[in-house]
Amino acid sequence: MSTISRRSAAVGVASLAAIGALFAAAVPASAAPAAAQSCAVNLQTHTTACGAGESQAKQLAAVPAASVLAVRLYDGYNYTGTSWDYYVPKACTAGYDGEYGLADLGPASNKASSVHTYNHCDVHLHDPLNYGNPHSVWIDQAPDLRTIGDGWNNRASSIGIS
Ligand SMILES: [Ca+2]
Ligand SMILES: [Ca+2]
């Protein structure tokens with residue numbers, strides 16, 4: 001009994017896969033989802049720019065060569081999809097003194113689904129604009145923001161960095 005239902009389930013999956021392949025072949029390239037972008041934010045000037053890659057975005061946002069990457073937010077889980085890089089003048093300090101931040105994530109607001117930090121920085125995700133509560137714990141990296149606290153997927157609208 002269970003063998004039969006398992007087998008028919010497998011047939012069903014195979015049929016769906018075949019239909020999916022036909023559908024994918026019929027869809028023109030222009031209808032494909034927009035390619036993931038790489039965006040850079042210069043936290044000294046609040047200049048934001050997006051490009052095809054990390055170095056192009058950095059150049060368009062006029063990020064100084066001496067700046068370092070503090071935080072990268074991703075639209076997708078597991079560090080995928082469009083990303084936003086936040087550059088600061090120098091590496092974060094050892095203590096949690098909140099030396100950097102952005103009060104309005106703009107186009108990245110309510111989009112982050114995974115996050116990674118760099119250069120000794122950690123990040124606080126704040127639900128409202130202009131910081132405040134509720135906010136997340138200090139995060140070093142999180143491949144799935146649904147699992148942080150009571151859930152932080154697509155929720156952050158401002159960030160504190162320390
Ligand atoms: Ca997202
Ligand atoms: Ca929010």
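Analyst: From the N terminus on, the elements run α-β-β-α-β-β-β-β-β-β-β. That gives 2 helices and 9 strands. This is a predicted model, where local features need pLDDT of at least 70, side-chain atom pairs count only at pLDDT 80 or more, and totals for chains, interfaces and linings use all residues. Residues are numbered from 1 along each chain as its sequence is written, and chains are lettered from A and ligands numbered from 1 in the order in which they are written.

User: What makes a stretch count as a helix or a strand?

Analyst: Both are DSSP runs, numbered from the N terminus. A helix is a run of H or I with at least four residues, and a strand is a run of E with at least two. For example, strand S6 covers residues 114–117. His116 lies in S6.

User: Why is His116 called partly exposed?

Analyst: Count C-beta atoms, placed from the backbone, within 10 Å of the residue's own. With 20 or more others the residue is buried, with 12 or fewer it is exposed, and in between it is partly exposed. His116 has 17 C-beta neighbours inside 10 Å, so His116 counts as partly exposed.

User: How much of the protein is buried?

Analyst: Buried residues make up 30% of the 162 residues. Strand S3 is mostly covered, with 5 of its 7 residues buried.

User: What does His116 touch, leaving aside residues up to four places away in sequence?

Analyst: Arg72, Tyr79 and Gln141. Two residues are in contact if their C-beta atoms, placed from the backbone, lie within 7 Å. His116 and Leu73 are 43 residues apart in sequence, and their C-alpha atoms are 6.7 Å apart. Across the protein, take the contacts with a separation of 6 or more: 63% of them join residues 24 or more positions apart.

User: How do you know that S3 pairs with S6?

Analyst: Two strands pair if DSSP finds at least two bridges between them. S3 and S6 have 4 bridges and run antiparallel, so they meet the cut-off of at least two. Tyr74 stands opposite Ser114 in S6, and Leu73 has Val115 as its bridge partner there.

User: Which residue of S4 stands opposite Leu73?

Analyst: Trp84. S3 and S4 pair in the antiparallel sense over 6 bridges. Strands of a sheet pair through backbone hydrogen bonds, either parallel or antiparallel.

User: Which sheet do these strands belong to?

Analyst: An open sheet of 6 strands, in the order S2-S1-S4-S3-S6-S8, with mixed pairing. What makes S2 and S8 its edge strands? Each pairs on one side only.

User: What order do the strands take in the sheet of 3?

Analyst: S5-S9-S7, in an open sheet with antiparallel pairing. Its edge strands are S5 and S7. S5 and S9 are joined by 3 bridges. In S9, Ile159 is the bridge partner of Leu102.

User: What makes a set of residues a nonpolar core?

Analyst: The members are buried Ala, Val, Leu, Ile, Met, Phe, Trp, Tyr and Cys residues, joined through C-beta atoms within 7 Å. The largest such core has 30 residues, and Ile159 is among those with the most contacts inside it. S1, S3, S4, S5, S7 and S9 each supply at least two residues of this core. In soluble globular proteins, nonpolar side chains tend to be buried together.
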